[in-house]
Amino acid sequence: LGRLAGAASTTLLLIAASAASLGVLVYGLAVGTSIQATVLAKARVFVGSDLAASVGRSTTPARPPDLPLPSTEVVKVPGLFIQPADIEVEVMAVDTATFAEAAYWDGSFSELSLPQLLSMLDETSPTGTRAIVVGVRGDDSTSLGSSNLSAPLDVVANVKAWPGMSGNLPLVVVERESLEPLLAGIGGTLLGPDQQIWAQGSREAFHRALTRNGMEPLSLLESEVALETPALQAMRWTLGVLIGLGIAAGCLCVTGLMLNLESRHRATMLAAVLARRMGLGGRRELLVWISEITASAAVSYALALLIGLPLARFVSA
């Protein structure tokens with residue numbers, strides 16, 4: 001430690017260079033991982049799961065009998081309005097028995113877990129259709145429909161986000177058995193429902209399973225496709241170049257640091273001979289040399305974390 005603290009300016013310069021190059025590496029890895037995770041999360045929120053297939057226009061979907069993947073059926077009904085705010089919303093009817101096993105969920109969406117929210121939809125209410133409201137505040141006076149004809153909602157929870165929500169359009173989530181009575185109570189809708197099947201797994205296996213059950217999807221959305229857009233690919237490649245430069249520069253600097261320390265060690269051979277005479281064996285001397293190199297690399301990496309992580313956190317936010 002004393003030798004490292006009193007090292008020549010060349011050694012300190014190499015430590016600073018190692019810190020800068022490793023900082024670039026930390027920055028590239030942190031920002032790249034953050035962007036990929038964020039994009040995938042947003043894509044899965046939009047799709048609802050890994051995969052979503054539109055299979056019809058019915059309000060009472062039947063679950064395919066032989067899907068080998070975790071799956072659930074969902075019905076989306078757009079073009080409705082929530083009262084008294086008179087804000088356009090989309091209604092989503094979910095199968096509470098299977099939704100949790102197939103839908104994408106993140107703990108930041110709500111203080112309650114997804115199974116807890118679904119169990120609240122399963123209960124009966126004398127005051128209206130039990131519903132979860134997303135993107136707009138709902139209370140005891142909330143209803144669905146127009147100012148002339150509306151059906152009361154019993155809002156059991158307000159959450160920040162929900163699988164399958166489309167952009168910034170608010171969402172009302174109900175249990176699928178209550179969808180038809182709810183639509184009948186408000187006189188129906190001009191826009192037809194979209195019956196979807198969500199699943200987790202590969203696109204090929206999902207498509208084969210649907211075809212085997214006689215269900216040819218009208219459209220098939222895949223969350224992974226979001227990562228293949230040109231803008232995101234360009235950003236990921238740029239970060240990949242940064243990571244590559246950080247690895248290359250880091251290797252060069254650490255190698256230079258090791259060579260510099262080794263040359264300093266040779267220059268102090270007389271001190272090493274005296275240390276041998278005082279009982280410092282060859283194995284212990286090698287251990288001291290390795291410890292000095294490790295300490296130098298550790299100082300570089302610690303500085304790299306101090307440089308790279310705050311920058312990555314700033315850019316990610």
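User: Which residues touch the most other members in the largest nonpolar core?

Analyst: Those are F99, I132, V134, W162 and V173, out of the 26 residues in that core. Keep in mind that this is a predicted model, where local features need pLDDT of at least 70, side-chain atom pairs count only at pLDDT 80 or more, and totals for chains, interfaces and linings use all residues. Residues are numbered from 1 along each chain as its sequence is written, and side-chain values use heavy atoms, with hydrogens and water left out.

User: What makes a set of residues a nonpolar core?

Analyst: The members must be buried Ala, Val, Leu, Ile, Met, Phe, Trp, Tyr or Cys residues, joined through side-chain atoms within 4.5 Å. Buried means under 20% relative accessible area, exposed is over 50%, and partly exposed lies in between (1.4 Å probe, protein chains only). Nonpolar side chains tend to be buried together in soluble globular proteins.

User: Which residues of α4 are buried, and on how many sides?

Analyst: In α4 (residues 114-122) the buried ones are L114, L117, L118, M120 and L121. They cover an arc of only 155° around the axis, so they sit on the same side of α4. That arc is taken from the directions between the helix axis and the C-beta atoms. Their cover includes β3 (87-94), α3 (99-102), β4 (129-134), β6 (150-159) and β7 (171-175).

User: What is V134 in contact with, beyond its neighbours within four places in sequence?

Analyst: V134 is in contact with V159, K160, A161, W162, M165, P170, L171 and V173. Contact here means heavy atoms within 4.5 Å.

User: Why is R130 called buried?

Analyst: Its relative accessible area is 14%, which falls under the cut-off, so R130 counts as buried.

User: What makes R130 and E123 a salt bridge?

Analyst: The rule asks for a side-chain nitrogen of Lys or Arg within 4 Å of a carboxyl oxygen of Asp or Glu. For R130 and E123 the N to O value is 3.4 Å, so the pair qualifies. E123 itself is partly exposed, because its relative accessibility is 45%. Side chains of opposite charge can pair when their charged atoms come close.

User: How many salt bridges does this rule give?

Analyst: The count is 6. One of them joins D50 and R44 at 3.3 Å, N to O. Another joins E177 and R176, with the closest N and O atoms 3.7 Å apart. Shared partners link E73, R176 and E177 into one network.

User: Why is E177 called exposed but R176 partly exposed?

Analyst: E177 has a relative accessible area of 56%, so it passes the exposed cut-off. R176 comes to 22%, which puts it in the range in between.

How values were computed: Helix = DSSP H or I, 4+ residues; strand = E, 2+ residues; numbered from the N terminus.
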